[in-house]
Structure formats: C-alpha cells, structure tokens
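Please look over the model below with an eye to how its chains meet. A brief report follows it.

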Amino acid sequence: MSPLDTKLLRDLARIKGQVIAIVLVIAVGVLLQVMMSGLVASLSETRRAYYERNRLADVFAPVARAPEAELARLAALPGVARAEGRVVGAALIDLVEEAVPIQARALSLPDFGEATFNTIYLTAGRLPEPGGRDETLLLTAFARARGIAPGDRLPVTMNGTRRSLHVVGLAEAPDLLYIGVPGEMMPDPARVAALWMRRTELAAAYDMQGAFNEALIALSRDATEAAVLDRIDALLDPWGGTGAYGRSDLVSDRFVSEEIGGLATMARAVPPLFLAVAAFLLYIVVGRIVQSEREEIGQLKAFGYTNTEVASHYFKLVLAVAIAGAALGCLLGVLAGRAMIPIYLTFYNFPFLVFRPDPAAFAIGAIASVAAASAGGIIVLRRVFAFTPAEAMRPPAPPDFSRTITFTGRAARLLDQPTRMVLRGIARQPWRTLALAAGIAGGMALASGMTTIYGAFDRMMDLSFTVIDRSDGTVVFTHPLGEKAALELARIPGVFSVEPVRDVPAILRNGRETHRGSVTGLVDTPEIARAIDARMAPIALPDKGIVLSQALADILNIAPGEMLTVEVREGRRPVLEVPVTKVATSLIGAPAYMRLDALNRELAEPGRISGARLRVDPARAEEIWRLLKDRPTVAGVSVAKDARASLQKLMDQGAGSARYIMGAVAFVITFGIIYNAARIAFTERARDLASLRVIGFSKGEAAFILLGELAVIVLAALPVGSLAGYGLTFAIAAGFSSELYQIPAAFDPFSHGFAASFVLGAALVSGWMVKRDLDRTDLIAVLKSRD
Amino acid sequence: MTPAYSARGLSKVYGEGPSAVHALRGVDLDIPAGEIVVMLGASGSGKSTLLNILGGLDRASSGTAHFRDLSLTDLDDRALTRYRRNHVGFVFQFYNLMPSLTARENVELVTEIAANPMPADEALAMVGLKDRLDHFPSQLSGGEQQRVAIARAIAKQPEVLFCDEPTGALDSATGRAVLKVLNDVNARLGSTLLMVTHAASIAQMAHRVIKLADGAIRDVQVNATRLPPEEIHW
C-alpha cells in the first residue's frame with residue numbers, strides 16, 4: 001500500500017465520528033431512493049403484468065339488464081375490439097360472529113372455459129363445476145382474514161334469498177386489486193368480500209337469465225376512449241346503462257395508481273434533500289482537512305507530486321465516504337423494500353408481489369452521492385492548488401475580518417469583546433451562516449410540519465367521526481323505499497334517532513372535469529350527518545343548488561356560484577344543471593350534498609329514501625345490528641366504530657405509516673445538522689478557544705464564543721423554519737391526502753412549539769457534547785500547532 | 001528578596017510503562033521576582049514543559065511548584081484559570097490573536113477581565129502600535145501581530161510574562177524590535193519575564209540564564225553585564 005493510502009486510512013480513522021455521520025446521511029438518502037423507486041417499479045410492473053396476463057378490461061359498462069344479443073352490437077361498435085357480458089350482484093355474507101352482514105360482490109364466471117376479461121387467479125382449491133350448484137370461489141384476502149378454507153360452507157343472502165354456498169376455491173382478480181368496504185371505501189380485508197359463481201347459477205340468483213348487467217370491453221388499438229364511451233352509453237341507454245367508464249375510473253385501479261403516484265413523487269423529492277445535506281457536510285469536513293494539511297500539500301508538491309496526484313488522494317477520501325454511504329444505502333434500501341411488501345399485500349390483492357430494486361436506483365444513488373460529495377471536495381482543492389508549494393508551506397495568514405462590522409458609539413460601549421467575536425464570526429461568512437441557518441430552518445420546518453401532520457391525522461379522524469358524521473351506523477336499503485322505512489327503524493328499541501338519506505349514483509361534470517360518484521340527499525336540518533364549513537358550523541342546504549366537499553370541488557375545479565352538471569344514473573336518470581352554493585369541509589371521500597326533498601323532486605320520486613343514519617344506545621347496538629341483518633330490505637349496515645378502526649389501521653399500517661418514517665427522519669436530520677454545525681465550529685475555533693483559555697478565560701466564557709454563534713443562528717432559524725413548516729404542512733397534507741381521505745392542514749401552535757423545543761434541545765445537547773470536547777482540549781498542543 | 005517561583009523535585013512524565021517520556025526529571029529551581037530569565041535547551045530538553053507548568057497550562061507529575069505563596073501543584077482547574085487570569089501574561093511563537101478582533105479589541109479582550117489593567121491604547125502605545133489600533137490581524141505584519149500579542153499580555157500588568165519562542169516566527173530585525181519591547185516592559189512594569197528560546201544569543205539580554213538538557217537543569221548562569229536587545233544578533 002502506498003504511504004498516501006496509509007495516510008488516507010489513518011485520516012478516516014481520525015475523523016471517524018464525522019465520517020459515520022455523513023455515511024449515515026448518504027445512506028438514508030440512497031435507502032429512500034432505492035426503496036421508493038424499487039416499490040414504484042415493483043408495484044407498476046406487477047400491476048402491468050397482472051393486468052396483461054389476466055386481461056383486465058379496458059372499459060366497464062354497468063347496465064340494469066341488457067339482453068345477451070346486445071353484446072354483438074357492442075362488439076360491432078367502432079373502436080371496440082371485443083365485448084363480453086357478465087352478471088354482477090350485491091350479496092351479504094352472514095357470519096355468526098359478526099353483528100352486521102358482510103357486503104360482497106358476486107361475479108359470474110363463464111359456464112365453460114376461461115373468461116375473456118378479468119380472468120381470475122386461483123390461489124387455492126378448484127373452480128366451481130359447470131352446473132355445480134351452490135359452488136363458489138371466495139376472495140383470498142377475505143378468506144384468510146376470516147379463516148375460511150375451501151370445503152367450508154358460507155351463509156350468503158343473494159337478492160333476498162338465503163343460501164348456503166360451498167366454498168371450493170380461493171381467488172383474486174385484476175379488477176379487485178383494491179376493494180373498499182361499500183359506503184366507506186376503506187380497505188379492510190375482513191369486512192369486504194367478493195365471490196365468483198358459474199354464470200348460470202348467478203344469473204338464476206339475480207334474474208339475469210339470457211342477460212347481463214355489466215359489459216366488459218377491450219378497445220381496438222387506435223380507439224379514442226372518450227368517443228367509444230359515448231357510443232357504448234348511447235347503445236346501452238335503453239337498457240338502463242349507468243355510464244361506461246375506462247380503467248382510470250375503475251375504483252381498484254384508481255387507488256393503486258394514487259398509491260404508486262404518491263410513492264413516485266416522494267422518491268423524486270426526498271432523497272435529493274438528504275444528498276444535498278450530505279454534500280454540504282462533506283464540503284465542510286473535507287475543506288477542513290485540506291485546510292489543515294496545507295503544509296503537507298505544499299511538501300507533496302515540493303517533492304514533485306502533481307496537482308492531480310494530490311487531488312486524487314483527497315478525492316479517494318471523498319469517494320470512500322460516498323461509496324460506503326451508497327453501498328450501505330443500497331443494502332438497507334433492498335431490506336426496507338422487502339419489509340414494505342407485506343404492507344402492500346395487506347391492502348392490495350396482488351397474487352404475487354416481489355420487491356425488485358430498480359437497477360437505475362442503485363446507479364442514481366451511487367452517482368448522486370459521489371457527485372454531491374466530490375462537489376464539496378473540489379471547491380476546496382481548487383483553492384489549495386492556487387498556491388505555490390512555498391506559499392502552501394507557510395502558515396496561512398489570519399482570516400480577514402476587516403470588512404465585517406465596525407463597532408462605534410453605543411455599540412462599542414455596550415458590546416464586550418466575546419460578543420463582537422460572535423457577531424463578526426457570523427458577518428464574515430454570510431453565505432456559510434445563511435446555509436447553516438437554512439439547514440436548521442429546514443430541520444425545524446420538517447419537524448414542525450411532520451408534527452402538525454401527526455396531529456392532523458387524529459384531527460381528521462375526530463372531525464369525521466364526531467363532528468361531520470355523528471352516526472353510530474348507516475343502513476343501506478336494497479332499493480329506494482318510502483319514508484315509512486325510516487319510521488320503522490326508529491321504532492326498534494334502543495334506536496335514539498334516525499335520519500333518512502337518499503344516495504343516488506351520479507356523474508358530475510364541469511366542462512372537461514368529470515367525477516363518477518354520488519349525490520347525497522340530506523334532511524333540512526340534519527343532526528347526525530351534516531355538511532360543515534371550515535369553521536365547523538353546519539351549512540344550511542339550499543332549496544336549489546348543491547354543496548360540494550372541498551375534495552370534489554378540487555377534482556371538478558369548480559367554485560361556489562358556478563353551474564354543475566349532474567347526470568343522475570338512477571330512476572328516470574335526469575340531467576340537472578345546479579349551482580354550487582357552498583363548499584363543505586369534508587375529510588373522508590368526496591361527497592356532494594343536496595336537500596333530500598329537492599333531490600327527490602328532480603327524480604320525480606317524492607318521499608323516497610335509500611338508507612338512514614342511526615344513533616343508538618351503545619349497550620344495545622349489537623342487538624340492533626343483528627336485528628337489521630335479517631331484514632330483507634337491508635342491503636348492508638356500516639358500523640361507524642368498524643369504519644373508524646379500518647381507517648385507523650390503514651393510516652397506521654398502510655399509506656399513512658410513511659409519516660412515522662418521515663417524522664423520524666426529520667428529527668434525525670435536524671439533530672445531524674445542528675450537531676455537525678457545532679462540531680465544525682469547534683474545529684475551526686479550537687485554536688482561538690485555547691488562546692482564550694490561556695489568557696485566563698474560564699471554560700464557560702470560552703464556550704460562550706463557540707456556542708454564541710450557534711445560538712444566534714438557531715434562534716434566527718426558528719421563526720423562519722416555523723413559517724416554512726407552515727407552508728410545508730400544506731404540501732405534506734396534500735401528499736398524504738387521497739380521494740379516500742384528506743388530511744387537514746392548519747397552523748398548530750403545539751406542533752411548532754414542540755418542534756422548536758426539539759431544535760433547541762438538539763442545540764443544547766450538541767452544545768453540551770462540543771463543550772465537553774472543549775473542556776478536554778489540550779491547550780498546549782493546540783497552541784503549538786500553527787493551525 | 002522572595003523568589004517569584006520556586007520548584008522542588010518537579011517531574012513530568014507523559015505516557016506510561018516502557019513508552020513513558022520523562023520530560024522533566026526532578027527540577028529544583030528559584031526565580032527571583034523582576035528578573036528576565038531565559039531558558040535555553042535543545043528540543044525535548046524540557047524547557048517548554050517547565051514553562052507550561054509554571055504558567056499554569058500543564059500539571060506536574062510530582063514535586064512542588066510555588067508562585068510566591070501559591071502552590072501551583074495543588075490548584076484545581078478553576079483555580080489555575082484564576083491564576084492565569086490575574087497574575088500571568090503569555091506571548092507565543094504564533095501570536096494567537098483573535099482574527100475577528102482589531103488590535104485594540106484583542107487587548108481589550110484581556111483588560112475586560114483583568115483586575116488591574118492599563119488602558120488598551122496605552123499598552124499598544126508601549127509596543128509602538130498606537131497608529132494601528134483599529135487594524136485587524138489580517139492587516140498587520142508578523143512583527144506587528146507579535147507586538148499586539150505582547151500588548152495583550154502586558155495590558156493586565158501581570159507579575160509574570162511567559163514568552164515561548166516569541167521571535168521564532170520573525171526575521172531578526174523584527175525579532176530585535178520585539179525583544180526591545182519585552183525589555184522595556186520588564187524595566188517599566190517590573191514584571192518577571194520567563195522566556196524560552198532556541199537562540200542562545202538572546203540569553204545575553206537576560207539577568208539569568210537557565211540551561212536544560214534531558215529534563216534536568218544543567219547550568220544556571222547569572223549575567224554580570226546584560227546586552228541591550230538592539231545589539232543582539234542571531
């Protein structure tokens with residue numbers, strides 16, 4: 001080994017504390033890069049392969065009941081490559097241990113052979129025999145969550161008839177990657193199911209012999225989706241078509257896409273942040289080493305080493321740190337990515353999902369960290385090369401402070417010398433000071449932003465389940481009933497109050513913006529579930545007009561006062577032009593509200609309701625849900641407590657769980673920046689501080705000069721960081737928000753106080769650690785060295 | 001006349017076991033107050049170690065050292081700081097000025113904490129720098145920086161002034177100017193001056209010359225006639 005390489009290893013050992021800190025910062029950046037981009041690649045690739053292999057349809061066209069013959073006409077439409085019909089129905093699974101029935105989608109399998117579209121992936125057992133009575137496949141995730149296996153019997157209500165189905169196998173399908181609990185949209189493998197039966201069997205159950213109620217369509221290569229959708233709608237309209245939609249409107253695909261999109265955004269934004277911090281730290285540390293070794297550099301050059309040879313020696317040091325960080329990051333990134341896979345398998349029904357790191361991520365991570373690290377080193381080396389060997393071997397001239405601050409008059413009388421040193425130290429390198437302050441402010445912003453978001457998740461839950469919707473349960477009827485149905489519910493012992501609702505599926509349009517959802521009709525002055533404004537005050541629903549949730553107003557890009565087109569997809573299917581009168585605060589889903597009587601008037605169905613929200617005696621809730629389970633007109637009951645638990649689980653284990661990682665990272669980075677700032681200030685000042693101690697300054701007085709500067713910078717950074725954190729809260733909230741739930745962003749004094757305390761605490765601890773080193777400094781050794 | 005310093009059996013060992021280095025081996029010494037004392041010796045002779053122990057910068061491994069009635073070898077860290085603050089001034093080879101303070105402010109750094117200081121301007125006038133009061137170290141030559149360091153050391157009117165190679169980084173003309181200042185300080189303030197140097201000729205301005213070798217005192221010589229600094233050459 002060459003003597004220079006030996007020197008390199010010794011240098012690394014000497015500054016191992018800082019080397020470890022920088023390696024870790026780089027590693028975290030690369031880890032996030034490898035993990036996130038790997039997850040994005042794995043999820044997108046698995047989804048693509050799954051869709052392709054199991055032939056996910058391009059277009060879904062639900063219809064009330066269309067004769068089989070219509071399929072040929074559909075297939076003949078320009079732009080349509082193939083069309084297939086299937087039967088889809090709502091079913092209720094009645095498990096003994098559950099007070100409420102579990103809602104399930106029943107889907108048909110062709111009597112013979114494989115389906116053209118959305119073919120199932122069998123995970124256990126076998127397919128139902130053609131003509132096999134009561135034989136069914138069950139969604140794998142639900143079966144696993146409930147401990148059901150092939151061979152078990154399952155009590156199911158289909159179209160009002162109770163049957164005992166024989167589970168012969170477990171399966172998954174590409175159109176059910178994500179499946180939310182009806183009425184809640186929350187994913188919860190234990191509370192939502194799907195089952196597949198042979199076509200003849202299912203058609204018999206839902207009166208669909210010789211007919212279909214959902215067409216699945218593949219588009220031809222050059223087709224324009226929007227144009228084809230219009231043609232399909234026109235064709236199916238007489239048969240009660242409720243609007244064809246493409247893959248992007250398929251709920252399952254929409255949620256997976258949102259997840260992948262969110263991950264991709266984070267993968268682009270977060271790792272560079274870490275690498276920038278690492279580059280800054282390396283710049284300071286390498287700069288410090290090179291500066292202190294000016295004399296050695298001069299000697300090497302005097303011996304005849306070229307600039308390139310000397311540079312490559314220091315560059316190796318930078319490389320060693322960068323490569324160690326990148327390698328560690330890649331390794332941890334793959335491990336973290338693998339650890340994340342089970343989370344995705346909990347909420348998404350992938351038949352297979354293997355974490356495949358994106359090779360580009362390794363390359364990008366490694367190149368970015370080496371580049372970031374070298375950028376720091378090169379700036380410093382350039383300065384050294386400007387010297388001749390003789391100059392380099394002379395001690396450096398004292399740094400020039402003549403153009404900093406001159407103290408005259410009052411300032412001169414009031415400020416003692418140590419204070420002047422602190423102030424001039426800050427003024428001499430304004431960019432350094434600014435960069436440091438920006439780093440600390442960034443840490444403060446991240447910390448306050450993330451703390452606010454922690455609170456915001458809880459606030460979202462609280463507002464949704466105690467202010468906006470205060471019901472204990474929601475009953476959905478199989479079809480719209482008269483208002484008398486609500487009175488019947490009210491008569492059940494233990495039911496405190498009942499509020500009827502009318503929910504109709506609708507397509508909302510504002511120019512080119514479209515949303516497939518529903519309109520909810522509420523009573524005049526609702527008490528249980530309400531539309532509320534930003535100040536948490538209930539919004540009075542207008543006689544003419546519609547109130548949209550903020551999420552929906554954003555999707556449709558519409559503001560109060562503008563006109564909205566509502567294409568109701570039920571009953572006589574009117575198309576309404578209604579003014580948007582207000583925008584409501586809503587944190588779950590994207591609801592639209594109208595007055596119940598106004599909605600019914602438009603539908604020409606006075607006094608009809610589709611369900612009701614209930615408040616019940618908690619002691620009798622179980623009994624009430626069990627009673628409702630047996631009513632033939634009840635399609636399902638959603639219990640608020642369960643919905644809340646599902647949401648909590650989703651946020652703790654699913655997409656929301658990223659907030660814990662990001663929070664931890666924010667705090668670690670903040671501490672890292674502050675500690676390094678203190679550490680670097682100490683190395684740069686060691687000589688001055690030793691001189692002060694020799695002159696007769698006490699340890700505390702010397703520490704004042706060292707830590708005074710840090711204190712000023714930290715105190716200046718706090719308000720800036722707090723402001724930036726407030727801004728960041730909105731960005732993070734938007735990042736975490738989806739159509740499923742919205743995270744409310746607001747200024748939260750507690751979070752900012754907490755983050756500020758953390759930053760101050762980190763500064764105190766860093767200061768204490770550095771002061772400890774100051775106390776241990778060998779005064780003589782420092783004074784004997786030239787610098 | 002009571003000695004300013006007296007040391008008995010003063011030893012200093014760095015490290016342990018076979019690799020231990022004996023920097024001082026049982027030094028006995030008396031230094032009268034008000035004298036200029038020059039300590040000569042090769043590298044590793046122990047002169048700087050002796051200076052550091054007497055200056056309160058380092059601790060002896062064994063033996064005793066007294067500054068007047070004060071037992072330096074018994075002082076804790078806090079008391080050593082107080083000793084340096086109230087009684088002692090230091091001048092180093094590499095000046096050790098605060099680059100962020102002007103000449104005047106560097107001196108005020110000391111006068112602010114000293115018990116009985118002279119005005120900073122006066123201290124700088126004594127070293128011939130009354131025209132350079134508001135210059136930063138970066139704007140001063142090496143000799144000027146060393147003179148600011150001397151002004152800083154004498155501004156507290158110390159009883160003892162320690163100088164470790166004060167001319168080591170200077171050319172001989174500038175070095176002589178610095179020695180003249182030190183000589184004047186000794187004459188005007190009556191401070192005891194302890195100077196460590198490599199340059200044997202500087203010993204000619206001293207009252208007393210102590211020669212060290214291998215951690216022990218080899219010779220103490222009292223000069224019958226002293227040479228003024230202007231006439232010293234090296």
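## Interface extent

The model is predicted. Chain A brings 32 residues to the contact, and chain B brings 32 residues as well. Together the two chains bury about 2,800 Å². Carbon and sulfur atoms give 59% of that area.

Three residues stand out on the chain A side. A:Gln417, A:Ile695 and A:Ile780 supply 22% of the area that chain A buries against chain B.

## Polar links

Five salt bridges cross the interface of chain A and chain B. One of them joins the side chains of A:Arg693 and B:Asp77, at 3.5 Å from N to O. Polar contacts between chain A and chain B number 16 residue pairs, with both residues at pLDDT 80 or more.

## Elements on the chain A side

H20(A) gives the largest share, seven residues.

By residue class, this side of chain A divides into 14 nonpolar, seven polar and eleven charged residues.

## Annotated domain

An unreviewed UniProt entry places the feature "domain: ABC3 transporter permease C-terminal" on chain A. The record gives residues 273-387 and 661-768.

Residues 661-768 of chain A are 86% helix and 0% strand. The end C-alpha atoms of this stretch lie 28 Å apart.

Notes
Residues numbered from 1 in each chain as written. Chains lettered and ligands numbered in written order. Predicted model: local features only at pLDDT ≥ 70, side-chain atom pairs only at ≥ 80, totals over all residues. Heavy atoms only, no water. Contact = heavy atoms within 4.5 Å. Buried area = accessible area lost by both parts, 1.4 Å probe. Salt bridge = Lys/Arg side-chain N within 4 Å of Asp/Glu carboxyl O. Polar contact = N/O pair within 3.5 Å; in protein donor to acceptor, adjacent residues only side chain to side chain. Helix = DSSP H or I, 4+ residues; strand = E, 2+ residues; numbered from the N terminus. Nonpolar A, V, L, I, M, F, W, Y, C, P; charged D, E, K, R; others polar. UniProt positions renumbered as here; feature names shortened; annotations may be inferred.
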